[in-house]
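Please open the model in a viewer and keep the selection tool at hand.

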Amino acid sequence: EPLLLAELKPGRPHQFDWKSSCETWSVAFSPDGSWFAWSQGHCIVKLIPWPLEEQFIPKGFEAKSRSSKNETKGRGSPKEKTLDCGQIVWGLAFSPWPSPPSRRLWARHSPQVPDVSCLILATGLNDGQIKIWEVQTGLLLLNLSGHQDVVRDLSFTPSGSLILVSASRDKTLRIWDLNKHGKQIQVLSGHLQWVYCCSISPDCSMLCSAAGEKSVFLWSMRSYTLIRKLEGHQSSVVSCDFSPDSALLVTASYDTNVIMWDPYTGERLRSLHHTQVDPAMDDSDVHISSLRSVCFSPEGLYLATVADDRLLRIWALELKTPIAFAPMTNGLCCTFFPHGGVIATGTRDGHVQFWTAPRVLSSLKHLCRKALRSFLTTYQVLALPIPKKMKEFLTYRTF
(Lines give C-alpha, C1' and ligand atoms only; values in the text may rest on other atoms or scores of the structure.)
Protein backbone atom coordinates (compact mmCIF):
# COMPACT_ATOMS: atom_id res chain seq x y z
CA GLU A 1 0.00 0.00 0.00
CA PRO A 2 1.14 3.58 -0.58
CA LEU A 3 2.72 5.03 2.56
CA LEU A 4 2.01 8.55 3.75
CA LEU A 5 5.34 10.39 3.57
CA ALA A 6 4.23 13.82 4.75
CA GLU A 7 1.18 15.99 5.24
CA LEU A 8 1.07 19.78 4.96
CA LYS A 9 -1.71 21.67 6.71
CA PRO A 10 -2.58 25.33 6.17
CA GLY A 11 -2.69 27.85 8.93
CA ARG A 12 -6.12 29.17 9.88
CA PRO A 13 -6.29 32.95 9.37
CA HIS A 14 -8.72 34.44 11.89
CA GLN A 15 -10.09 36.98 9.41
CA PHE A 16 -11.60 34.19 7.28
CA ASP A 17 -14.39 31.75 7.88
CA TRP A 18 -12.49 28.48 8.03
CA LYS A 19 -15.41 26.47 6.71
CA SER A 20 -15.39 28.18 3.31
CA SER A 21 -12.75 28.70 0.63
CA CYS A 22 -10.20 26.38 2.22
CA GLU A 23 -10.10 23.64 -0.43
CA THR A 24 -6.90 22.51 -2.14
CA TRP A 25 -8.29 22.47 -5.67
CA SER A 26 -4.91 22.08 -7.35
CA VAL A 27 -1.38 20.82 -6.67
CA ALA A 28 1.58 20.87 -9.06
CA PHE A 29 5.27 20.02 -9.28
CA SER A 30 7.57 22.06 -11.50
CA PRO A 31 8.79 20.09 -14.54
CA ASP A 32 12.32 19.79 -13.10
CA GLY A 33 10.95 18.66 -9.73
CA SER A 34 12.53 21.51 -7.76
CA TRP A 35 9.30 23.22 -6.63
CA PHE A 36 5.89 22.20 -5.36
CA ALA A 37 2.86 24.54 -5.60
CA TRP A 38 -0.17 24.15 -3.38
CA SER A 39 -3.41 26.14 -3.54
CA GLN A 40 -4.06 25.85 0.17
CA GLY A 41 -7.27 27.87 0.27
CA HIS A 42 -8.06 31.37 1.54
CA CYS A 43 -6.62 32.90 -1.68
CA ILE A 44 -3.11 31.68 -0.80
CA VAL A 45 -0.66 29.64 -2.90
CA LYS A 46 2.38 28.13 -1.22
CA LEU A 47 5.55 27.60 -3.28
CA ILE A 48 7.68 25.03 -1.52
CA PRO A 49 11.21 23.93 -2.55
CA TRP A 50 11.40 20.21 -3.19
CA PRO A 51 12.43 17.93 -1.57
CA LEU A 52 10.84 19.09 1.66
CA GLU A 53 14.00 18.09 3.50
CA GLU A 54 17.30 16.42 2.72
CA GLN A 55 15.41 13.20 3.31
CA PHE A 56 11.69 12.59 3.20
CA ILE A 57 9.87 14.10 6.14
CA PRO A 58 8.44 11.53 8.53
CA LYS A 59 4.72 11.17 9.01
CA GLY A 60 3.28 13.87 11.21
CA PHE A 61 5.19 16.79 9.71
CA GLU A 62 3.19 20.02 9.57
CA ALA A 63 3.74 23.12 7.49
CA LYS A 64 4.25 25.36 10.53
CA SER A 65 7.57 23.63 11.27
CA ARG A 66 9.01 24.66 7.91
CA SER A 67 9.92 28.23 8.90
CA SER A 68 12.65 27.18 11.33
CA LYS A 69 13.97 24.62 8.85
CA ASN A 70 14.20 27.26 6.13
CA GLU A 71 16.22 29.54 8.38
CA THR A 72 18.83 26.86 8.87
CA LYS A 73 19.35 26.32 5.14
CA GLY A 74 22.45 27.67 3.45
CA ARG A 75 22.55 31.16 2.05
CA GLY A 76 21.16 31.30 -1.46
CA SER A 77 18.99 28.21 -1.01
CA PRO A 78 15.44 28.58 -2.34
CA LYS A 79 12.95 29.67 0.29
CA GLU A 80 9.30 28.81 0.68
CA LYS A 81 7.10 31.58 -0.73
CA THR A 82 3.54 32.68 -0.07
CA LEU A 83 1.59 34.16 -3.00
CA ASP A 84 -1.49 36.12 -2.00
CA CYS A 85 -3.70 35.97 -5.11
CA GLY A 86 -6.57 38.01 -3.65
CA GLN A 87 -9.12 35.44 -4.88
CA ILE A 88 -9.80 31.75 -4.33
CA VAL A 89 -7.28 29.78 -6.41
CA TRP A 90 -8.64 26.91 -8.53
CA GLY A 91 -5.97 26.10 -11.11
CA LEU A 92 -2.16 25.93 -11.04
CA ALA A 93 0.38 25.28 -13.80
CA PHE A 94 4.17 25.59 -13.99
CA SER A 95 5.82 26.51 -17.27
CA PRO A 96 8.67 24.49 -18.70
CA TRP A 97 11.95 26.39 -18.64
CA PRO A 98 11.72 29.11 -21.32
CA SER A 99 14.19 29.40 -24.18
CA PRO A 100 16.81 32.22 -24.16
CA PRO A 101 14.67 34.56 -26.34
CA SER A 102 11.82 34.16 -23.87
CA ARG A 103 14.12 35.08 -20.99
CA ARG A 104 15.06 38.33 -22.72
CA LEU A 105 11.40 39.14 -23.28
CA TRP A 106 10.59 38.56 -19.63
CA ALA A 107 13.53 40.69 -18.53
CA ARG A 108 12.41 43.53 -20.78
CA HIS A 109 8.81 43.25 -19.61
CA SER A 110 9.69 43.24 -15.92
CA PRO A 111 13.05 44.91 -15.16
CA GLN A 112 13.11 43.45 -11.65
CA VAL A 113 13.39 39.94 -13.08
CA PRO A 114 17.05 38.96 -13.63
CA ASP A 115 18.03 37.82 -17.12
CA VAL A 116 18.26 34.17 -16.12
CA SER A 117 16.13 31.09 -16.60
CA CYS A 118 12.67 32.12 -15.50
CA LEU A 119 10.35 29.45 -14.16
CA ILE A 120 6.81 30.78 -13.90
CA LEU A 121 3.60 29.72 -12.19
CA ALA A 122 0.14 30.49 -13.55
CA THR A 123 -2.76 30.71 -11.09
CA GLY A 124 -6.43 30.58 -12.15
CA LEU A 125 -8.72 32.58 -9.89
CA ASN A 126 -12.31 32.76 -8.75
CA ASP A 127 -13.00 36.06 -10.56
CA GLY A 128 -11.83 34.82 -13.99
CA GLN A 129 -8.37 36.40 -13.76
CA ILE A 130 -5.11 34.53 -14.37
CA LYS A 131 -2.05 35.74 -12.49
CA ILE A 132 1.45 34.86 -13.70
CA TRP A 133 4.22 34.70 -11.08
CA GLU A 134 8.01 34.37 -11.28
CA VAL A 135 8.81 31.43 -9.03
CA GLN A 136 12.32 32.30 -7.83
CA THR A 137 11.38 35.81 -6.67
CA GLY A 138 7.64 35.52 -6.06
CA LEU A 139 7.03 38.60 -8.25
CA LEU A 140 3.74 39.08 -10.10
CA LEU A 141 4.58 39.36 -13.81
CA LEU A 142 1.22 39.46 -15.60
CA ASN A 143 -2.50 39.60 -14.99
CA LEU A 144 -4.54 38.01 -17.80
CA SER A 145 -8.18 39.11 -18.19
CA GLY A 146 -10.84 37.65 -20.45
CA HIS A 147 -12.74 34.88 -18.67
CA GLN A 148 -16.11 35.80 -17.18
CA ASP A 149 -16.14 33.14 -14.44
CA VAL A 150 -13.88 30.83 -12.38
CA VAL A 151 -10.68 29.68 -14.12
CA ARG A 152 -10.84 26.01 -13.16
CA ASP A 153 -7.72 24.60 -14.84
CA LEU A 154 -4.53 25.66 -16.62
CA SER A 155 -2.06 23.88 -18.89
CA PHE A 156 1.19 25.01 -20.57
CA THR A 157 2.47 23.53 -23.81
CA PRO A 158 5.30 21.15 -22.78
CA SER A 159 7.53 22.46 -25.61
CA GLY A 160 8.47 25.61 -23.70
CA SER A 161 6.74 27.95 -26.16
CA LEU A 162 4.92 29.66 -23.25
CA ILE A 163 1.49 29.05 -24.76
CA LEU A 164 -1.01 28.75 -21.91
CA VAL A 165 -4.48 27.16 -22.10
CA SER A 166 -7.13 28.05 -19.53
CA ALA A 167 -10.45 26.31 -18.83
CA SER A 168 -13.29 28.18 -17.19
CA ARG A 169 -16.79 27.98 -15.80
CA ASP A 170 -17.75 30.48 -18.52
CA LYS A 171 -17.82 27.36 -20.78
CA THR A 172 -14.81 28.44 -22.87
CA LEU A 173 -11.12 27.65 -23.19
CA ARG A 174 -8.73 30.47 -23.98
CA ILE A 175 -5.25 30.36 -25.48
CA TRP A 176 -2.66 32.90 -24.27
CA ASP A 177 0.81 33.68 -25.62
CA LEU A 178 3.03 34.76 -22.72
CA ASN A 179 5.83 35.62 -25.13
CA LYS A 180 3.56 38.41 -26.32
CA HIS A 181 2.88 39.72 -22.81
CA GLY A 182 -0.10 37.44 -22.33
CA LYS A 183 -1.94 38.24 -25.56
CA GLN A 184 -5.12 36.19 -25.96
CA ILE A 185 -4.81 34.42 -29.30
CA GLN A 186 -7.90 32.17 -29.39
CA VAL A 187 -11.19 31.43 -27.65
CA LEU A 188 -12.48 27.84 -27.96
CA SER A 189 -16.26 27.56 -27.63
CA GLY A 190 -18.60 24.59 -27.89
CA HIS A 191 -19.01 23.25 -24.36
CA LEU A 192 -22.48 23.66 -22.87
CA GLN A 193 -21.36 23.27 -19.24
CA TRP A 194 -18.54 24.46 -16.98
CA VAL A 195 -15.13 23.35 -18.26
CA TYR A 196 -13.41 21.43 -15.45
CA CYS A 197 -10.14 20.30 -16.96
CA CYS A 198 -7.75 20.85 -19.86
CA SER A 199 -4.71 18.80 -20.83
CA ILE A 200 -2.20 19.30 -23.66
CA SER A 201 -0.57 16.23 -25.20
CA PRO A 202 3.20 16.01 -24.62
CA ASP A 203 3.83 16.27 -28.39
CA CYS A 204 1.82 19.56 -28.32
CA SER A 205 -0.50 18.42 -31.12
CA MET A 206 -3.76 17.99 -29.17
CA LEU A 207 -5.76 19.57 -26.38
CA CYS A 208 -8.38 17.66 -24.40
CA SER A 209 -11.09 19.48 -22.47
CA ALA A 210 -13.60 18.00 -20.03
CA ALA A 211 -16.75 19.83 -18.93
CA GLY A 212 -19.83 18.86 -16.95
CA GLU A 213 -20.89 16.75 -19.93
CA LYS A 214 -20.77 13.08 -20.89
CA SER A 215 -18.45 13.75 -23.83
CA VAL A 216 -14.93 15.17 -23.95
CA PHE A 217 -13.59 17.42 -26.69
CA LEU A 218 -10.32 16.95 -28.56
CA TRP A 219 -8.89 20.07 -30.20
CA SER A 220 -5.99 20.64 -32.56
CA MET A 221 -3.24 22.74 -30.98
CA ARG A 222 -2.10 23.73 -34.47
CA SER A 223 -5.37 25.09 -35.90
CA TYR A 224 -7.35 25.45 -32.63
CA THR A 225 -10.28 23.61 -34.18
CA LEU A 226 -12.33 20.71 -32.83
CA ILE A 227 -11.00 17.32 -33.98
CA ARG A 228 -13.67 15.08 -32.43
CA LYS A 229 -15.90 14.43 -29.45
CA LEU A 230 -15.30 11.27 -27.42
CA GLU A 231 -18.57 9.67 -26.31
CA GLY A 232 -18.75 6.90 -23.74
CA HIS A 233 -19.26 8.22 -20.22
CA GLN A 234 -22.66 8.17 -18.52
CA SER A 235 -22.16 11.30 -16.41
CA SER A 236 -20.06 14.47 -16.15
CA VAL A 237 -16.39 14.10 -17.09
CA VAL A 238 -14.24 16.02 -14.60
CA SER A 239 -10.60 15.11 -15.29
CA CYS A 240 -8.37 14.08 -18.20
CA ASP A 241 -4.68 13.39 -18.86
CA PHE A 242 -2.45 12.26 -21.74
CA SER A 243 0.18 9.54 -21.43
CA PRO A 244 3.82 10.72 -21.64
CA ASP A 245 4.07 9.47 -25.25
CA SER A 246 0.75 11.12 -26.29
CA ALA A 247 -0.58 7.74 -27.44
CA LEU A 248 -3.24 7.40 -24.74
CA LEU A 249 -5.82 9.67 -23.18
CA VAL A 250 -7.60 8.91 -19.89
CA THR A 251 -10.83 10.57 -18.74
CA ALA A 252 -12.48 10.32 -15.31
CA SER A 253 -16.17 10.84 -14.64
CA TYR A 254 -18.78 11.05 -11.92
CA ASP A 255 -20.07 7.77 -13.41
CA THR A 256 -17.25 6.05 -11.40
CA ASN A 257 -15.34 5.02 -14.55
CA VAL A 258 -12.01 5.91 -16.06
CA ILE A 259 -11.93 5.38 -19.83
CA MET A 260 -8.69 4.92 -21.73
CA TRP A 261 -8.87 6.21 -25.32
CA ASP A 262 -6.76 6.26 -28.44
CA PRO A 263 -6.88 10.02 -29.10
CA TYR A 264 -5.92 9.59 -32.76
CA THR A 265 -8.75 7.23 -33.70
CA GLY A 266 -11.23 7.99 -30.91
CA GLU A 267 -11.36 4.29 -30.05
CA ARG A 268 -12.25 3.28 -26.50
CA LEU A 269 -9.50 0.88 -25.38
CA ARG A 270 -10.37 0.08 -21.76
CA SER A 271 -12.59 1.05 -18.83
CA LEU A 272 -11.51 1.01 -15.20
CA HIS A 273 -14.48 0.73 -12.84
CA HIS A 274 -14.28 2.04 -9.29
CA THR A 275 -16.13 -0.60 -7.32
CA GLN A 276 -17.17 -0.22 -3.71
CA VAL A 277 -14.41 -1.32 -1.34
CA ASP A 278 -15.78 -0.39 2.08
CA PRO A 279 -18.90 -2.51 2.87
CA ALA A 280 -19.88 0.00 5.58
CA MET A 281 -20.74 2.54 2.90
CA ASP A 282 -24.19 2.63 1.38
CA ASP A 283 -24.05 1.12 -2.09
CA SER A 284 -27.32 2.79 -3.01
CA ASP A 285 -25.56 6.16 -3.17
CA VAL A 286 -24.62 6.40 -6.83
CA HIS A 287 -22.17 9.23 -6.13
CA ILE A 288 -20.15 7.42 -3.47
CA SER A 289 -17.39 6.51 -5.97
CA SER A 290 -17.61 9.63 -8.11
CA LEU A 291 -14.18 10.41 -9.50
CA ARG A 292 -12.38 13.69 -8.91
CA SER A 293 -9.00 13.32 -10.60
CA VAL A 294 -6.88 11.03 -12.77
CA CYS A 295 -3.23 11.31 -13.80
CA PHE A 296 -0.50 9.29 -15.53
CA SER A 297 2.80 8.42 -13.89
CA PRO A 298 5.86 9.99 -15.57
CA GLU A 299 7.00 6.75 -17.24
CA GLY A 300 3.47 5.98 -18.42
CA LEU A 301 2.95 2.61 -16.75
CA TYR A 302 0.61 3.63 -13.91
CA LEU A 303 -2.46 5.75 -13.24
CA ALA A 304 -3.57 7.38 -10.00
CA THR A 305 -7.21 8.20 -9.28
CA VAL A 306 -8.96 10.04 -6.45
CA ALA A 307 -12.63 9.31 -5.76
CA ASP A 308 -15.30 10.32 -3.26
CA ASP A 309 -15.17 6.91 -1.57
CA ARG A 310 -12.14 8.16 0.42
CA LEU A 311 -9.55 6.22 -1.52
CA LEU A 312 -6.50 6.96 -3.62
CA ARG A 313 -6.11 4.15 -6.13
CA ILE A 314 -3.05 3.21 -8.18
CA TRP A 315 -3.59 1.21 -11.37
CA ALA A 316 -1.11 -0.65 -13.55
CA LEU A 317 -1.80 0.04 -17.20
CA GLU A 318 -2.19 -3.61 -18.17
CA LEU A 319 -4.56 -4.56 -15.32
CA LYS A 320 -8.26 -3.81 -14.87
CA THR A 321 -8.18 -3.69 -11.07
CA PRO A 322 -6.13 -1.40 -8.81
CA ILE A 323 -2.78 -2.64 -7.54
CA ALA A 324 -2.85 -0.43 -4.44
CA PHE A 325 -5.16 1.66 -2.27
CA ALA A 326 -4.57 4.41 0.26
CA PRO A 327 -7.19 5.91 2.58
CA MET A 328 -7.72 9.65 2.13
CA THR A 329 -10.68 11.80 3.10
CA ASN A 330 -12.26 14.41 0.82
CA GLY A 331 -9.69 14.06 -1.97
CA LEU A 332 -9.94 16.55 -4.84
CA CYS A 333 -6.79 16.27 -6.97
CA CYS A 334 -3.64 14.21 -7.52
CA THR A 335 -0.38 14.47 -9.42
CA PHE A 336 2.84 12.47 -9.73
CA PHE A 337 6.29 13.83 -8.95
CA PRO A 338 7.94 14.24 -12.41
CA HIS A 339 10.76 11.82 -11.56
CA GLY A 340 8.42 9.20 -10.07
CA GLY A 341 8.09 7.60 -6.67
CA VAL A 342 5.73 10.15 -5.08
CA ILE A 343 2.08 11.16 -5.53
CA ALA A 344 0.75 14.45 -4.14
CA THR A 345 -2.95 14.73 -3.32
CA GLY A 346 -5.03 17.74 -2.29
CA THR A 347 -8.11 17.61 -0.10
CA ARG A 348 -11.26 19.59 0.57
CA ASP A 349 -9.98 20.69 3.99
CA GLY A 350 -6.91 22.33 2.47
CA HIS A 351 -4.38 19.63 3.26
CA VAL A 352 -1.74 18.16 0.94
CA GLN A 353 -0.54 14.59 1.38
CA PHE A 354 2.50 12.94 -0.20
CA TRP A 355 2.34 9.19 -0.83
CA THR A 356 4.84 6.62 -2.01
CA ALA A 357 4.19 5.48 -5.58
CA PRO A 358 5.49 2.39 -7.39
CA ARG A 359 9.02 2.76 -8.73
CA VAL A 360 9.64 0.53 -11.71
CA LEU A 361 12.33 -0.01 -14.28
CA SER A 362 10.53 0.19 -17.61
CA SER A 363 10.94 -2.82 -19.88
CA LEU A 364 12.89 -2.41 -23.11
CA LYS A 365 9.63 -3.08 -24.98
CA HIS A 366 7.86 -0.24 -23.23
CA LEU A 367 10.80 2.14 -23.72
CA CYS A 368 10.82 1.36 -27.45
CA ARG A 369 7.05 1.87 -27.67
CA LYS A 370 7.27 5.13 -25.76
CA ALA A 371 10.05 6.41 -28.02
CA LEU A 372 8.21 5.46 -31.22
CA ARG A 373 4.80 6.74 -30.12
CA SER A 374 6.29 10.10 -29.16
CA PHE A 375 6.45 10.96 -32.86
CA LEU A 376 4.25 8.39 -34.66
CA THR A 377 0.44 8.57 -34.72
CA THR A 378 -1.70 5.44 -34.53
CA TYR A 379 -2.32 5.61 -38.29
CA GLN A 380 1.42 5.87 -39.01
CA VAL A 381 2.09 2.82 -36.81
CA LEU A 382 -0.62 0.83 -38.60
CA ALA A 383 0.99 1.68 -41.95
CA LEU A 384 4.37 0.27 -40.92
CA PRO A 385 5.48 -3.01 -42.62
CA ILE A 386 5.75 -4.91 -39.33
CA PRO A 387 3.92 -7.93 -37.87
CA LYS A 388 0.35 -7.45 -36.61
CA LYS A 389 1.26 -8.30 -33.01
CA MET A 390 3.87 -5.56 -32.97
CA LYS A 391 1.31 -3.08 -34.29
CA GLU A 392 -1.14 -4.12 -31.58
CA PHE A 393 1.50 -3.64 -28.88
CA LEU A 394 2.61 -0.26 -30.23
CA THR A 395 -0.99 0.98 -30.37
CA TYR A 396 -1.81 -0.31 -26.85
CA ARG A 397 -4.31 -2.87 -28.14
CA THR A 398 -2.37 -5.40 -26.07
CA PHE A 399 -0.88 -4.08 -22.87
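The stops below cover a sheet, a helix and several cysteines.

The model is predicted, so local features need pLDDT of at least 70 and side-chain atom pairs count only at pLDDT 80 or more, while totals for chains, interfaces and linings use all residues. Residues are numbered from 1 along each chain as its sequence is written, and side-chain values use heavy atoms, with hydrogens and water left out.

Strands (E, at least two residues) and helices (H or I, at least four) are DSSP runs numbered from the N terminus, and two strands pair if DSSP finds at least two bridges between them.

Next, display S8 (residues 130–134) with S9: the two are joined by 4 bridges in the antiparallel sense. Ile130 has Leu144 in S9 as its bridge partner.

Move to helix H3 (residues 364–373), where His366, Arg369 and Arg373 are buried (under 20% relative accessible area, 1.4 Å probe, protein chains only). Viewed down the axis of H3, the buried residues fall within an arc of 60° and therefore line one face of the helix; the arc is taken from the directions from the helix axis to the C-beta atoms. These residues pack against helices H4 (378–382) and H5 (388–394), contact meaning heavy atoms within 4.5 Å.

Finally, select the cysteines. The structure holds 0 disulfides, a disulfide being a pair of cysteine sulfur atoms within 2.5 Å. For Cys240, the nearest cysteine sulfur, that of Cys197, is 3.5 Å away. Cys240 is buried, at 5% relative accessible area. The sulfur of Cys295 lies 3.6 Å from that of Cys334, too far for a bond.

Methods:
Buried means under 20% relative accessible area, exposed over 50%, partly exposed in between (1.4 Å probe, protein chains only).
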